[in-house]
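Please read these points with the model open beside you. They are meant as a short note for discussion.

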Amino acid sequence: MKIAICPGSFDPVTLGHKDIIERTAELFDKVIVLVMSNSVKSPLFSLEERMDMIKRCVNMGNVEVDTYNGLLVNYARENNAVAIVKGLRAVSDFDYEFQQALTNKSLYPEIETVFIAARGENMFLSSSMVKEVCRLGGDVSQFVPGEILDDVIKRCKGEK
Ligand code: ADP
């Protein structure tokens, strides 16, 4: 069974993330969406909330959601994953992602990093952009899955 990991902070999950997760699930037998705790210093949502939001908006039988606060390659090794799948947006993502891919390959040669090109409409979509727009009262319904829209709006307004 070919297992892939889609790691990220998902604070919160966006339609860009959802697209990459679902496309990964079409390519691999099982996908673990891994919510990493160490990548965001002061997240808007707790790890549990982020995991719960992903579960609510991704409904594919071969997708699981988990969390980890250690080294990604250690998690990959422990869970027999063959690939780390990342979404690539603009060229600006490339340098950093390539560095990470090379580092992970040196730490754990059995793992492959696979890049999936973002869809044109998601090229400039990021969790931080969603939070910024939402805090300033903008409409983020075209950026986040409908299932979590209320959670994002409420949290950005500081209601819960
Ligand atoms: P962000 O960069 O939005 O904070 P994460 O760190 O949670 O997101 O990213 C997790 C993964 O999702 C990364 O591989 C990232 O490149 C990818 N990703 C993030 N936003 C998009 C998008 N709009 N389209 C495609 N992939 C994306």
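1. Contact here means heavy atoms within 4.5 Å. Leaving out residues up to four places away in sequence, Asn104 touches Leu72, Val73, Ile84 and Ile111. Asn104 sits in helix H4, residues 91–107. Helices (H or I, at least four residues) and strands (E, at least two) are DSSP runs, numbered from the N terminus. Asn104 counts as buried, at 13% relative accessibility. Buried means under 20% relative accessible area, exposed over 50%, and partly exposed in between, with a 1.4 Å probe and protein chains only.

2. A word on the source. This is a predicted model, where local features need pLDDT of at least 70 and side-chain atom pairs count only at pLDDT 80 or more, while totals for chains, interfaces and linings use all residues. Residues are numbered from 1 along each chain as its sequence is written, and side-chain values use heavy atoms, with hydrogens and water left out.

3. Next, the largest pocket. Its volume is about 1,100 Å³. Of the 43 residues that line it, the closest to its centre are Pro7, Gly8, Ser9, Lys86 and Glu97. H4 gives the largest share of the lining, 10 residues. S1, H1, S4, H4 and H5 each supply at least two lining residues. The search runs on a 1 Å grid over the protein atoms alone; a pocket is an open set of points where a 1.4 Å probe fits, with protein on both sides within 12 Å along at least five of seven lines, and lining residues have an atom within 4 Å of a point. Grid points are joined across faces, edges and corners, and a volume is the space filled by probe spheres set on the points.

4. Now the largest nonpolar core. It has 33 residues, and Val33, Ile54 and Val152 have the most contacts inside it. S1 (3–8), H1, S2 (30–36), H2 (47–57), S3 (63–68), S4 (83–88), H5 and H6 each supply at least two of its residues. The largest share, 4 residues, comes from H2. Another core, of 14 residues, lies apart from it, and includes Ile5, Ile32, Ala81 and Tyr108. A nonpolar core is a set of buried Ala, Val, Leu, Ile, Met, Phe, Trp, Tyr and Cys residues joined through side-chain atoms within 4.5 Å.

5. Which side of H5 is buried? The buried residues of H5 are Ser127, Val130, Lys131 and Cys134. They lie on the same side of H5, because they cover an arc of only 95° around the axis. The arc is that of the directions from the helix axis to the C-beta atoms. These buried residues pack against H1 (15–27) and H6. Val152 is in contact with Val130 and Cys134, among others, leaving aside neighbours within four places in sequence. Just after H5, Gly137 takes a positive phi of about 90°.

6. How many disulfides does the structure hold? The count is 0, where a disulfide is a pair of cysteine sulfur atoms within 2.5 Å. For Cys57, the nearest cysteine sulfur is that of Cys6, 13 Å away. Cys57 is buried, with a relative accessible area of 0%. For Cys156, the nearest cysteine sulfur is that of Cys134, 3.7 Å away. Cys156 also counts as buried, at 12%.

7. Last, Glu147. This residue lies in the loop between H5 (127–135) and H6 (149–156). Glu147 is partly exposed, with a relative accessible area of 40%. Glu147 touches Arg56, Cys57 and Asn59, not counting residues up to four places away in sequence.
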